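The sequence and the coordinates come first.

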Amino acid sequence: MGKKSNGNAPKQAFFNTTRAFKKSLPILIGVLMLLALADALIPKQAYRLIFSGNWFFDPLKGAVLGSISGGNPLTSYVIGGELRQEGVSMLAITAFIVSWVTVGIIQLPAEGLMLGKRFAIVRNAVSFCTSIVIAIVIVLTIGIK
Amino acid sequence: MIKKMIEKVEVGEAFFFLVVMVYVILGIFDFVLLTEVLYVLIRLIVRIAPILLIVFVVMFLTNLFFENKSLSRFLGKGSGFRGWVIAIAGGIASSGPIYMWYPLLSDLKEKGMKDSLIATFLYNRAVKIPLLPMMVHYFGWGFTLALSIYMILFSVVNGVVVQRLARRGPQG
């Protein structure tokens, strides 16, 4: 699919990658700093109180959290991974990771303007629901809750 | 001058400086706690640094072998089964923030691209091959593989349902 034939391609690809990386780095480091802060300040039991392991409410809470957040998927993996270490269920984490990318409350006005209001609302609503369904199906498939 | 400086600062940088300010304030009030937090932070960075390097290399290879413009050629109206395949592959191969793709998709929509293919393209942006090492690192191969497969399958379901609910009929 569109292999670049230009001799300058590796240089350009390296430049583009560095630029994309540099752009997401402050957010990633900022998130890591917040995670370190949360790790030291929030008692471990707090996560278990919010995410209780319920088959419906855990993915629902995870999906809500992922929908209002956004940015590089990498950040969602880091947050999800750290939440897992705190004992949060894979139901919540999966819904969180999926909705992080597929649902964009912050980008909704831009999406509505460019692709149509109805399309944007329907797509985000359907993606929100499927993030919960995917979370349940994945946990049933791999057998870890 | 301050106004110009503020205009130049991007959202990501502003977020980073805000978090740094939180650290500075924490250091003023409780230096011992700050040391503890910094220790946790270093541990976190050391843990993800090698994975970030792999992510960088795969991103470089994706940028080297794929072009944004060439993806648009295969997503037009009447693309049929090939359209679905290209929407899925294009979504996976696409990089950068989601809003970067709105102008291109808007242009294709005007040229007759179906809502279902747009929704499928956007859904598959969640499957990011360069980021898979990070996902494997945190959740293991089983989860990563299962999630990737389900995401691709559900992207088609998502596309079909969006098409129906957007009331443009199954053909768009």
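Ala166(B) is buried, because 22 other C-beta atoms lie within 10 Å of its own. A residue counts as buried if 20 or more other C-beta atoms lie within 10 Å of its own, as exposed if 12 or fewer do, and as partly exposed in between, with C-beta atoms placed from the backbone. The model is predicted: local features need pLDDT of at least 70, side-chain atom pairs count only at pLDDT 80 or more, and totals for chains, interfaces and linings use all residues. Residues are numbered from 1 along each chain as its sequence is written, while chains are lettered from A and ligands numbered from 1 in the order in which they are written.

Ala166(B) sits in the segment after α8 of chain B. Apart from neighbours within four places in sequence, Ala166(B) is in contact with Arg118(A), Phe119(A), Val122(A) and Asp115(B); contact means that two C-beta atoms, placed from the backbone, lie within 7 Å. Ser116(B) is 50 residues from Ala166(B) along the chain, and their C-alpha atoms are separated by 9.4 Å.

**Chain B**

Chain B has eight helices and zero strands. Helices (H or I, at least four residues) and strands (E, at least two) are DSSP runs, numbered from the N terminus. Of the 172 residues in chain B, 34% are buried. Among contacts in chain B with a separation of 6 or more, 75% join residues 24 or more positions apart.

The domain assignment gives chain B domain 1 (1-65) and domain 2 (67-172); such bounds come from an automatic or database assignment. Six residues of domain 1 and eight residues of domain 2 of chain B take part in the contact. On the side of domain 1 that touches domain 2 of chain B, five residues are nonpolar, one is polar and none is charged. Here Ala, Val, Leu, Ile, Met, Phe, Trp, Tyr, Cys and Pro count as nonpolar, Asp, Glu, Lys and Arg as charged, and the others, Gly among them, as polar.

**Two helices**

Buried residues of α5(B) include Gly83(B), Ile86(B) and Ala93(B). α1(A) bends by about 35° at Leu25(A), and Pro26(A) follows within four residues. The bend is the angle between axes fitted to the seven residues ending at a residue and the seven starting there. Pro26(A) and Leu32(A) are among the buried residues of α1(A).

**Between the chains**

The contact between the chains takes 60 residues from chain B and 55 residues from chain A. α3(B) gives the most to the side of chain B that touches chain A, with 15 residues. By class, that side of chain B has 45 nonpolar, eight polar and seven charged residues.

**The largest core**

Which residues have the most contacts inside the largest nonpolar core? They are Leu32(A), Tyr77(A), Ala95(A), Ala135(A) and Ile118(B), in a core of 77 residues. A nonpolar core is a set of buried Ala, Val, Leu, Ile, Met, Phe, Trp, Tyr and Cys residues joined through C-beta atoms within 7 Å. Helix α8 (residues 132-165) of chain B gives the most to this core, with twelve residues. Ala95(A), leaving aside neighbours within four places in sequence, is in contact with residues including Pro59(A), Ser131(A) and Ala135(A).
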